[in-house]
Amino acid sequence: MDTINQLKQREWVDLTHTLSKSIPYFSAFSPMKEKTLFTIKEDGFYAKEYTLATQYGTHIDPPGHFSEGSGLLDVLTLKDGILPLYVIHKEKEVEKNSDYELTVKDIQHFENENGKIEAGSFVAFSSGWSKKWEDHEAYYNKDDKGQAHTPGWSIEALKFLHEKRNVRAIGHETLDTDSGKAFFENQALLGELYWLSTGNFQVEALSNLSNVPSSGSAIVIGIPKIEESPGFSVRAFAII
């Protein structure tokens, strides 16, 4: 009980967007649908049916989402649901350049100020992009050619986190690991493919990262237990 009481005295930050049919979503999917099945007035209880893609809203991507045979949600353990959290704040840089890609130099600069990123941790890229969530046009940020101009991770940075720091998971405020520019140039999400092929996982479309300090926090992720699922919406929050 003492541990629980101590945790409750800390600051808690919700990192999750509310699910609805009116939120941004990946272009290959459709908005969430909902149907009322039973009402209290007519049936004595209230129940709904929801139809949504596995990668909808704030969601988790296990390795098998992109890397065939690498494991789906069921490979993630209970301990994957709570990890040390490091947040690399690049809000000012992204505000000046929406195509910004987080680099190895960014990580090294972060470590010079906050200490070495420990193995088995969760590293989040705070771009401030979640503040555009309610404005779909601004969130997708597409030009006249249909190219999205959104921030992302460089592959070199992802390789550094995996090969040099043995990080367990990453997270970001956009719908993709890669920048919109990189996806347009490669016609593929090569950064996401690399990261998930390592056997690690990620959480996308996070919110409120700008309210979390660079180090000293933990992230808690409510990982659904669904058989053979390539991902699903989650509830994520930080305890500072």
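Reader: Where does Asn 166 lie?

Author: In this predicted model, Asn 166 sits in the loop that joins α6 (155–164) to β9 (169–172).

Reader: Which feature does Asn 208 show although it is not a glycine?

Author: Asn 208 has a positive phi of about 65 degrees. Its place is the loop between β10 (201–204) and β11 (217–222). Asn 208 is partly exposed, and its relative accessible area is 29%.

Reader: Let us turn to charged side chains. How many salt bridges does the count come to?

Author: As a general idea, side chains of opposite charge can pair when their charged atoms come close. Here the count comes to 6 salt bridges. One of the pairs in this model is Glu 34 with Lys 48, at 2.6 Å from N to O. Glu 34 belongs to strand β2 and Lys 48 to strand β3 (residues 47–51), so this pair ties together parts that are 14 residues apart in sequence. Glu 34 is partly exposed, with a relative accessible area of 43%, and Lys 48 is partly exposed at 31%.

Reader: Are Arg 168 and Asp 80 buried or exposed?

Author: Both residues are buried, a term that stands for under 20% relative accessible area. Arg 168 forms a salt bridge with Asp 80, and their closest N and O atoms are 2.9 Å apart. Arg 168 is in the loop between α6 and β9, while Asp 80 is in the loop between β4 (59–61) and β5 (82–89), so the pair ties together parts 88 residues apart in sequence.

Reader: Which residue meets Arg 165 in a salt bridge?

Author: The partner of Arg 165 is Glu 111, at 2.7 Å from N to O. This pair links distant parts of the chain, 54 residues apart: Arg 165 is in the loop between α6 and β9, and Glu 111 is in helix α4 (residues 104–114). Arg 165 is buried, with a relative accessible area of 16%, and Glu 111 is buried at 11%.

Reader: Which residues are linked in a network of salt bridges?

Author: The network links Lys 90, Glu 93 and Asp 106.

Reader: Finally, which residues form a nonpolar patch on the surface?

Author: The patch consists of Leu 37, Phe 38 and Phe 45, which together have about 250 Å² of accessible area. Leu 37 is found in strand β2 (residues 33–38). A residue must have over 30% relative accessible area to join a patch, and Leu 37 is partly exposed at 36%.

Methods
Residues are numbered from 1 along each chain as its sequence is written. This is a predicted model: local features need pLDDT of at least 70, side-chain atom pairs count only at pLDDT 80 or more; totals for chains, interfaces and linings use all residues. Side-chain values use heavy atoms; hydrogens and water are left out. Patches are made of residues with over 30% relative accessible area and no salt bridge: like charges are joined within 9 Å, nonpolar side chains (Val, Leu, Ile, Met, Phe, Trp, Tyr) within 5 Å. Accessible areas come from the Shrake-Rupley method with a 1.4 Å probe; for residues, only the protein chains shown count as cover. A salt bridge is a side-chain nitrogen of Lys or Arg within 4 Å of a carboxyl oxygen of Asp or Glu. Helices (H or I, at least four residues) and strands (E, at least two) are DSSP runs, numbered from the N terminus. Buried means under 20% relative accessible area, exposed over 50%, partly exposed in between (1.4 Å probe, protein chains only).
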